[in-house]
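Reader: I am new to this structure and would like a close look at a single part of it. Please start with one residue and then connect that residue to its surroundings.

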Amino acid sequence: DRMTTRNKDLQNLLGVVTDTKTAWTRALWSYVKRKKLHDPTNVQFINLDWELSRLLGTRRSEITLLPALLFAQLERGLPINIRYRLDLTTQQLRPRVVDVAVSLPSESASASTFQPELEALDAVM
């Protein structure tokens with residue numbers, strides 16, 4: 001799943017806007033290495049700099065807990081909606097699989113209202 005944050009400062013600091021948790025974590029570790037934030041006396045800890053500590057809410061963290069601090073700032077990204085029109089009038093349709101999401105015009109409308117239309121499209125496909 002793609003994750004995002006509304007916090008523009010965190011996006012700018014790590015250079016990520018919307019991506020997977022793995023990519024966010026990779027960006028965080030890259031930042032930690034680039035800024036040399038590992039605690040020299042205890043390698044299991046990270047001493048966060050002012051910018052990162054302000055965003056994640058702590059000055060020091062165990063390495064294993066740092067991703068959880070980051071994930072607390074993330075939320076699922078909005079789904080990507082692709083609008084695509086299928087032209088079913090051509091006779092040169094090659095075999096293909098088509099997955100179609102149907103949006104109903106209102107909450108009160110039911111799928112059965114549009115069943116004849118959907119069946120007609122099925123027959124053509």
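Author: Gln11 counts as buried because its relative accessibility is 7%, where buried means under 20% relative accessible area, exposed over 50% and partly exposed in between, with a 1.4 Å probe and protein chains only. The model is a predicted one, in which local features need pLDDT of at least 70 and side-chain atom pairs count only at pLDDT 80 or more, while totals for chains, interfaces and linings use all residues. Residues are numbered from 1 along each chain as its sequence is written, and side-chain values use heavy atoms, with hydrogens and water left out.

Gln11 belongs to helix α1, which covers residues 8-14; helices (H or I, at least four residues) and strands (E, at least two) are DSSP runs numbered from the N terminus. Leaving aside residues up to four places away in sequence, Gln11 touches Thr4, Thr5, Val16, Val17 and Trp24, a contact being heavy atoms within 4.5 Å.

One of these partners, Trp24, leads on to the largest nonpolar core, which has 19 residues and in which Leu14, Trp24, Leu28, Leu52, Leu66 and Leu70 have the most contacts. Such a core is a set of buried Ala, Val, Leu, Ile, Met, Phe, Trp, Tyr and Cys residues joined through side-chain atoms within 4.5 Å. At least two residues of this core come from each of α1, α2 (21-34), α3 (50-56) and α4 (66-71), and α2 gives the most, with 5 residues.

Over the protein as a whole, 24% of the 125 residues count as buried, and the secondary structure comes to 5 helices and 5 strands.
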